[in-house]
Amino acid sequence: MPIDVPTLPQTAAHSGAEPEAVVDAVVVGLHAPAADAADGTGPALAAGAAGVDAAFSGDLLELLTTVGATGKAEQVVSLPTRGALSAPRLVAVGLGRPAEGPKASEAVRRAAGAAARTLAGTGSVLSTLSAVDAEAAVVGAVLGGYRFDRHRTSTDAAAAPVGSWSFTGADDAAVRRATLVAEAVVTARDLVNTAPNVLVPETFAAHAVALGERAGLVTEVLDDAGLRENGYGGVTGVGKGSANPPRLVRLTWNGGPAASKRVALVGKGITFDTGGISLKPNAGMADMTSDMGGAAAVVATVVLAAKLELPVTVTATVPMAENMPSSTAYKPGDVLTMFGGTTVEVLNTDAEGRLILADAIVRAAQDDPDYLVETSTLTGAQLVALGMRTAGVMGSDELRDRVAAHGTAAGEDAWAMPLPEYLRGELDSRVADISNVSGQRFAGMLLAGVFLKEFVPAGLPWAHIDIAGPSFNTGGPRGYTTKGGTGVPVRTLLAFLEDVAANG
């Protein structure tokens, strides 16, 4: 059955509240001493805290340092206000050393997230971090308090997200925009965190369509029969081993009358990946519920583009399949004919993502977009090369660098990677146009990018974002990143779309 359309788990509403407003807690920021502070200078209150300090007769900083507050990034100190404020609780959170630009915004997001986790179960909170950076304060607060309870039979009130947030020094438009951004990331997180027996291709497609229709998007779904009839050999080949047949979903935001550019987004939607006949080891296989993180991100992003009314046409093409071993599953040695006619020799059924993406890329390119950006949890090699938090970006040199820069500026770390031409020979096939993997174990992330490049029309600027690590946090919470789905790279894609809308 379709999944319920998610709602934002916290209310991020600007009320124009001041520190004396009646709330359950107040949050202030604290900067650590600058790196060159050699005179014993201690931490400093961040912007927005002056009214709170006045309520403590100017002694707030002294009080906080007495109980160990240093301003270290994400350090949280909580104090009773003892009547100095109408709120009974004060929370001071570290912003780290003073910074500028994207680093300063990221510090606020992380601090707001850390405060939100500390304040779990609180009814209402006033944050002064918005005086430093309003959008970062809202996004960090909402995402830091995120909790996925869909599959729980009971919930712990003490662990529940903050009931409502208010923000000082922020205008309603900034808070509304930040709330929509946070809501999009929450949508992606919810999709990734949904159990794979619930989120199968059919229900994923239905949910994506429901989200799209609610936002006024044009929607299209190809079912298993439609995929076969239209020659989507990659999607049908990967999906035929499962009792849950594949789908391909397309969602379009037309950009309105001011739109002059078209952007194609493509996201990998493997709702669960066993590896197929090339079965994965048991250790860590449960994390393969996240193998549709790229699809979740592009679905959430195109919906967000509509809600923000961005003047750019955006179409998300999302292939969805479940990669299972069975008597009907595709096998090593099979040759698949992709959408568009290219033949691929399958040497490893666990390299399935690139097969469904090849079909989707060819279809997306038929719309004659100005740019094509694809994102996927594509290779374990990404984790080996860049770790759990940094996405690898490949593709056309200029667009690759542009997307990577937006990712890092948005707080979703990204790094530009090459696609050396000599690697193409590693994918030569004995019987088909190309094979889906190489016979050697090196440069796996780059070889996946080289494979995808074969399906991008010449002259079309494109970028591939490998988010195998960054899209799913297997460790403990940090900053505004909770355990499980992270929603990466929704904010990167948004930043890129806004850049296209503004600059072409």
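**Entry 1: β13 and its partner**

I looked up the pairing of β13 first. In this predicted model, 3 bridges join β13 to β14, residues 343-345. The two strands run antiparallel. I then picked out V335 and asked which residue of β14 is its bridge partner. The partner of V335 is E345.

**Entry 2: the sheet around them**

I found an open sheet of 3 strands, in the order β13-β14-β18. The pairing in the sheet is mixed. Why is one side of β13 and of β18 left without a neighbour in the sheet? β13 (335-337) and β18 (434-435) stand at the edges, and each has a single partner strand, so one side of each stays without a neighbour there.

**Entry 3: cavities**

How many cavities of 30 Å³ or more does a search of the whole structure find? I noted 2.

I listed the residues that line the second largest cavity: R262, V263, A264, T313, T315, D367 and P369. Two elements each give two or more residues to this lining, namely β10 (262-267) and β12 (313-323). The largest share comes from β10, with 3 residues.

Last, I sorted the lining of the second largest cavity by residue class. I counted 3 nonpolar, 2 polar and 2 charged residues.

Technical notes: Residues numbered from 1 in each chain as written. Predicted model: local features only at pLDDT ≥ 70, side-chain atom pairs only at ≥ 80, totals over all residues. Heavy atoms only, no water. Pairing = 2+ DSSP bridges. Helix = DSSP H or I, 4+ residues; strand = E, 2+ residues; numbered from the N terminus. 1 Å grid on protein atoms, 1.4 Å probe; cavity = no way out; pocket = protein on both sides within 12 Å on 5 of 7 lines; lining within 4 Å. Points joined across faces, edges and corners; volume = space filled by probe spheres on them. Nonpolar A, V, L, I, M, F, W, Y, C, P; charged D, E, K, R; others polar.
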